[in-house]
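I opened this notebook to record what I looked up in one structure. The entries follow the order of my reading.

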Amino acid sequence: MASLRGMRQPELSKRLYGLIKSENHAIGAHESAGRERASIAAQLSEWGEATGDDAVSDVSDKLGVLMAEMAEQEDLFAQNLEDYRGVLKQIRNTESSVQPSRDHKAKVADEIAKLKYKEPSNTKIVQLEQELVRAEAQSLVAEAQLTNITRQKFKEAYDLHLAAVIERAEKQAMLAKHARRVLNLLDDSPIVPGEAHPTYAGESAGSDILNDAEDELRAWQPRYEPISSNAASLGAGAMPSSGVGISSSASEYAPTAVGGEVQQSRIEGDVHPAYRTSKARSASGSSAGGERQQQQNPPYPVSEVEEGAMF
């Protein structure tokens with residue numbers, strides 16, 4: 001089923017779909033590794049107790065506690081990777097929603113080219129060119145929205161990912177250092193037959209080490225360079241909130257981004273852009289001169305009947 005879903009993915013989102021799927025496998029591997037490490041920690045403690053050596057039993061038990069905590073960090077790392085993966089899905093969803101806009105524009109352009117080659121006088125060319133103008137305007141805004149969402153969510157996703165890597169590494173390194181302190185409590189001086197090791201007296205010191213590890217783990221704070229972001233200026237529709245850089249003609253056909261997907265809004269007006277009128281006020285800015293309309297000629301010849309139909 002997963003492979004079938006991958007085959008149905010739009011061309012634009014196939015690569016990111018594959019990456020997200022691979023990350024899912026990697027996250028599962030981290031979760032599995034965490035469970036295995038926790039099991040190994042428990043087995044270490046059980047083995048130490050079975051040796052009958054008080055020193056080995058105590059040290060192995062405390063090492064098992066610290067190793068189990070390292071395994072817990074592996075599981076926490078997997079959870080953080082899920083958050084990062086969820087942000088990547090927002091980019092993938094946006095890519096999927098933009099693909100139809102690209103396909104529609106290419107389809108209309110292809111139909112126009114075919115008609116101009118086979119039937120240059122076909123009146124349908126006018127309608128198709130009108131549709132192409134709309135499709136290009138829609139695509140222009142959709143592509144800008146895709147770029148905005150991609151850049152914002154890309155930074156957000158890998159901010160989460162790299163922060164999770166640092167947290168796991170620092171916490172596991174911290175636990176490993178305390179585990180080495182515990183290991184140093186074991187006296188490995190050789191003895192001769194009939195001689196006994198001195199009575200083990202490191203139980204209290206080992207407990208103090210565990211308390212130190214717990215306190216340090218609880219007090220851990222991220223100390224890495226923050227990732228800067230200008231995403232706060234991204235307004236509704238995945239466009240800058242100030243509206244700078246958006247032309248009036250493009251915004252008329254602007255799709256809107258909802259939930260990480262670009263959705264097509266209703267197109268207002270059905271007049272070919274070549275026939276649109278622009279209103280200009282007099283140089284004085286007063287309304288005495290009224291408003292004058294400037295008619296633009298289409299970029300191709302049309303009959304009187306077609307011209308009348310446009311108006």
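**Entry 1: a residue to start from.** I began with E82, which lies in helix 3; helices here are DSSP runs of H or I with at least four residues, strands are E runs of at least two, and both are numbered from the N terminus. I noted that E82 is partly exposed, its relative accessible area being 33%. For this reading I used the following limits: buried is under 20% relative accessible area, exposed is over 50%, and partly exposed is in between, with a 1.4 Å probe and protein chains only. Setting aside residues up to four places away in sequence, I found E82 touching N24 and I27, where contact means heavy atoms within 4.5 Å. I also looked up E23, 59 residues from E82 along the chain, and the two C-alpha atoms are separated by 8.6 Å.

**Entry 2: the basis of the values.** I was reading a predicted model, in which local features need pLDDT of at least 70 and side-chain atom pairs count only at pLDDT 80 or more, while totals for chains, interfaces and linings use all residues. Residues are numbered from 1 along each chain as its sequence is written, and side-chain values use heavy atoms, with hydrogens and water left out.

**Entry 3: the chain as a whole.** I counted seven helices and four strands in the protein chain. Along the sequence their pattern is α-α-α-α-α-α-β-β-β-β-α. Of the 311 residues in the protein chain, 31% are buried. I found an accessible surface of about 19,300 Å² for the protein chain, 52% of it belonging to carbon and sulfur atoms; the areas come from the Shrake-Rupley method with a 1.4 Å probe, and for residues only the protein chains shown count as cover. Among contacts between residues at least 6 apart in sequence, 71% join residues at least 24 apart.

**Entry 4: helix 3 against helix 4.** Two packed helices are described by the angle between their axes and the distance between the axes. At what angle do helix 3 and helix 4 pack? I read about 170° for helix 3 (residues 54-118) and helix 4 (residues 124-183), with the axes 8 Å apart. Helix 3 is therefore roughly antiparallel to helix 4. The axes are lines fitted to C-alpha atoms, for helices over the stretch in contact, and angles run from 0 to 180 degrees between N-to-C directions. Under 35 degrees counts as roughly parallel, over 145 as roughly antiparallel, 65 to 115 as roughly perpendicular, and the rest as oblique. By class, I found 34 nonpolar, twelve polar and 19 charged residues in the contact of helix 3 with helix 4. Ala, Val, Leu, Ile, Met, Phe, Trp, Tyr, Cys and Pro count as nonpolar, Asp, Glu, Lys and Arg as charged, and the others, Gly among them, as polar.

I then looked at N80, which lies in helix 3. N80 counts as buried at 19% relative accessibility. Apart from its neighbours within four places in sequence, N80 is in contact with A164 and E167. I also noted A113, placed in helix 3 and partly exposed at 46% relative accessibility. The C-alpha atoms of A113 and I125, twelve residues apart along the chain, are separated by 9.1 Å.

**Entry 5: aromatic rings.** Rings of Phe, Tyr and Trp (its six-membered ring) pair if their centres lie within 6.5 Å; planes under 30 degrees apart count as stacked, over 60 as edge-to-face and the rest as tilted. How many aromatic pairs are there by this rule? I found two aromatic pairs. Y84 and Y158 are edge-to-face, 5.1 Å centre to centre with 70° between the planes. This pair links distant parts of the chain, with Y84 in helix 3 and Y158 in helix 4, 74 residues apart. Y84 is buried at a relative accessible area of 0%, whereas Y158 is partly exposed at 26%. F154 and Y158 make a tilted pair, 5.3 Å centre to centre with 55° between the planes. Both F154 and Y158 lie in helix 4, four residues apart, about one turn of the helix. F154 is partly exposed at 47% relative accessibility. I recorded Y84, F154 and Y158 as one aromatic cluster.

**Entry 6: helix 3 against helix 5.** I read an angle of about 10° between helix 3 and helix 5 (residues 203-218), with the axes 9 Å apart. Helix 3 and helix 5 are therefore roughly parallel to each other. By class, their contact has five nonpolar, three polar and four charged residues.
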